[in-house]
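Hi,

Here is the structure I said I would pass on. Have a look at it first, and my notes on what I found follow below.

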Amino acid sequence: MYMVGIMTIRWWFFREWMMAQPPQNPNRSKPLIRLKPIPRAPHLCAIFTDAAWNPLTGNAGFGWIVDDLVSPSQYAANATFVSSPLMAETLAVLKAITFAQSRGMASILILSDSQVLINTINRRELLLEIYGPLCDIYHLLLSFMSYVFKFIPRSENSRADSVAKQALWAMQN
């Protein structure tokens, strides 16, 4: 009975994640430049984050793009036994923040297409599903002079999405 409940919850999160994916249109080319720049203070280092999750294996790939106004750079990581898409997105943000702290960044702007996660962090809430990584995020934020979390549409996060999907793909091959 308990296993059926977990599988139902996983399936529900997977279905929700799949419904949020943009339709595939092979004839439409992706723009090479950002059409509308994301306004930000010049002292903030922008970090775009995303995650890719496989509900069958529980594997997840994470991608983050550090856009420091000089030259963007991309980074990736992965993990096993990830319970849901929301957990994957939370872990991606945690990886990006840990990276920023290790590089000595003082002020960061975290951009993610996970509206639930960004709203949760901005409200300083604790969700049971992502409790552990959220506590880690809140603790790490104490080491920054300033930080901002901003939701962006999926269409403006395609670079981080691509890096996350590549990290997941590399893990499964």
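**Helix H5**

Let's start with helix H5, residues 158-172: its 15 residues reach 21 Å from the first C-alpha to the last, close to the 21 Å expected at 1.5 Å a residue. Bear in mind that this is a predicted model.

Which residues of H5 are buried? They are Ala160, Asp161, Val163, Ala164, Ala167 and Leu168. Looking down the axis of H5, you will see these buried residues fall within an arc of 165°, so they line one face of the helix. As for what covers them, the list includes strand S1 (45-53), strand S2 (60-67) and strand S3 (73-79).

**The whole protein**

Stepping back, the protein has five helices and five strands. Along the sequence they follow the pattern α-β-β-β-α-β-α-α-β-α. Of its 173 residues, 43% count as buried. If you take the contacts between residues at least 6 apart in sequence, 69% of them join residues at least 24 apart. The protein exposes about 10300 Å², and carbon and sulfur atoms supply 62% of that.

Next, have a look at strand S4, residues 107-112. Six of its six residues are buried, so S4 is largely enclosed by the rest of the structure. Ser107, Leu109 and Leu111 point one way from the strand, while Ile108, Ile110 and Ser112 point the other way, and all are buried.

Which strands does S4 pair with? One of them is S1, which pairs with S4 in the parallel sense over five bridges. Here Phe48 stands opposite Leu111 of S4. Another is strand S5 (residues 146-151), which runs parallel to S4 and is joined to it by six bridges. In S5, Ser146 is the bridge partner of Ser107.

**Two residues with positive phi**

Two spots in the loops are worth a click as well. Phe81 is in the loop between S3 and helix H2 (85-102). Its phi is near 60°, a positive value in a residue other than glycine. Is Phe81 buried or exposed? With a relative accessibility of 76%, Phe81 counts as exposed, the cut-off for that being over 50%.

Arg124 sits in the loop between helix H3 (115-122) and helix H4 (131-140). Arg124 is not a glycine either, yet it has a positive phi of about 55°. Its relative accessible area is 44%, and Arg124 is partly exposed.

Cheers

Notes. Residues are numbered from 1 along each chain as its sequence is written. This is a predicted model: local features need pLDDT of at least 70, side-chain atom pairs count only at pLDDT 80 or more; totals for chains, interfaces and linings use all residues. Side-chain values use heavy atoms; hydrogens and water are left out. Helices (H or I, at least four residues) and strands (E, at least two) are DSSP runs, numbered from the N terminus. The expected span of a helix is 1.5 Å times one less than its number of residues. Buried means under 20% relative accessible area, exposed over 50%, partly exposed in between (1.4 Å probe, protein chains only). The arc is that of the directions from the helix axis to the C-beta atoms. Contact means heavy atoms within 4.5 Å. Accessible areas come from the Shrake-Rupley method with a 1.4 Å probe; for residues, only the protein chains shown count as cover. Two strands pair if DSSP finds at least two bridges between them.
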